[in-house]
Amino acid sequence: MIKSLIFDLNDTLDNTNEAIIRAFEAVLKKHFPAITQSKLQKFAEELMVFFWQADRLADLSYPEWTMEDIIKHCVKKWANSEAIEIDIDIFTRDYNAIRKRHLIIKPKMAKLIKGLPSYLLKFIISQGNSKGDIIDLLQQSNLAESDFTEIISTRLFKEENKPSINILKYILKKYSLKPEECLMIGDDVCADLMPAKILGMKTVLISNYVDELSISDSQLPPLIKKYIG
Ligand SMILES: [Mg+2]
């Protein structure tokens, strides 16, 4: 029986990627007033991908980078790849000023949390965000820290980033849970679901970027055939 739900925060409970895209759209519009709507969206989506690339690079090699450094790196790389002339410092400053404005807990997720039975333990695991920022975000959606059993930021663990077996083991030990009593819900197979599954938890993938549900190797050939006709 499931006794505990463990939620990833970024892009599972909240709308991180959508917020990044909306914020880039706003800044692109300011810097390129004549840009068409479709180009605006395409550029903003591409910038989001460059953002995550820079974010991972910072995690791996440049832990001293601030958010502004990460954005600057991303904007510079994107502008180079598109051969676009841009004032990177001003573009970055403008983006950084509004980047949190579009971030919310997804309304359907807020409703889900509110409606869950009280006997269930509920956890948030977040990469990088401070606990204070997470609580602020919850409050904007009429949720509270008390709606969760514990909010866990990877920042509380020394040299521990997702994917993390240790953070999941910390939950199991502290709350005397067996892995099979836990359901891990996340948008990233490697970062969220892989360590949970390895420990024996149940896992759910939630993502806007997947067209087919998980399939086995042997199901792939007929699927490809379906696509290529
Ligand atoms: Mg995530």
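Analyst: The centres of domain 1 and domain 2, taken over C-alpha atoms, are 28 Å apart. Domain 1 consists of residues 4-14 + 105-205, and domain 2 of residues 16-98; domain bounds come from an automatic or database domain assignment. This is a predicted model, in which local features need pLDDT of at least 70 and side-chain atom pairs count only at pLDDT 80 or more, while totals for chains, interfaces and linings use all residues. Residues are numbered from 1 along each chain as its sequence is written.

The C-alpha trace spans about 55 × 50 × 35 Å along its principal axes. The secondary structure comes to ten helices and five strands; helices (H or I, at least four residues) and strands (E, at least two) are DSSP runs, numbered from the N terminus. Of the 229 residues, 27% count as buried. A residue is buried if 20 or more other C-beta atoms lie within 10 Å of its own, exposed if 12 or fewer, and partly exposed in between, with C-beta atoms placed from the backbone.

The five strands form an open sheet with parallel pairing, in the order 3-2-1-4-5. Strand 3 and strand 5 each have a single partner strand and stand at the edges, so one side of each has no neighbour in the sheet. From one strand to the next, the twist averages 20°.

Two strands pair if DSSP finds at least two bridges between them. Strands of a sheet pair through backbone hydrogen bonds, either parallel or antiparallel. Going through the pairs, strand 2 and strand 3 run parallel and are joined by four bridges, and Ile-124 stands opposite Ile-151 in strand 3. Strand 1 and strand 2 also run parallel, with five bridges between them; Leu-5 has Lys-122 in strand 2 as its bridge partner. Four bridges join strand 1 to strand 4, again parallel, and there Ile-6 has Met-184 in strand 4 as its bridge partner.

Helix 9 packs on this sheet and touches strand 1, strand 4 and strand 5, and its direction makes about 165° with that of strand 4. Angles run from 0 to 180 degrees between N-to-C directions, and axes are lines fitted to C-alpha atoms, for helices over the stretch in contact. Two residues are in contact if their C-beta atoms, placed from the backbone, lie within 7 Å.

Which residues of helix 9 are buried? In this helix (residues 189-199) they are Asp-192, Leu-193, Pro-195 and Ala-196. They lie on the same side of helix 9, because they cover an arc of only 170° around the axis; the arc is that of the directions from the helix axis to the C-beta atoms. An α-helix has 3.6 residues a turn, so residues three or four places apart point the same way. The buried residues of helix 9 pack against strand 1 (4-8), helix 8, strand 4 (182-186) and strand 5 (202-205).

The face turned away from the buried side carries the exposed residues Cys-190 and Ile-198. Ile-198 counts as exposed because it has 12 C-beta neighbours inside 10 Å. Ile-198 and Asp-55 are 143 residues apart in sequence and 26 Å apart in space, C-alpha to C-alpha. Just after helix 9, Gly-200 takes a positive phi of about 105°.

Helix 7 (residues 131-140) lies across strand 2 (121-126) and strand 3, and runs at about 130° to strand 3. In the loop between strand 3 (150-153) and helix 8 (165-174) is Phe-157. Phe-157 is partly exposed, with 13 other C-beta atoms within 10 Å. Not counting residues up to four places away in sequence, Phe-157 touches Asn-166 and Ile-167.

Helix 3 (residues 37-61) shows another packing arrangement. Its buried residues include Leu-47, Met-48, Phe-51 and Ala-54, and the buried residues of helix 3 pack against helix 2 (16-31) and helix 4 (67-82).
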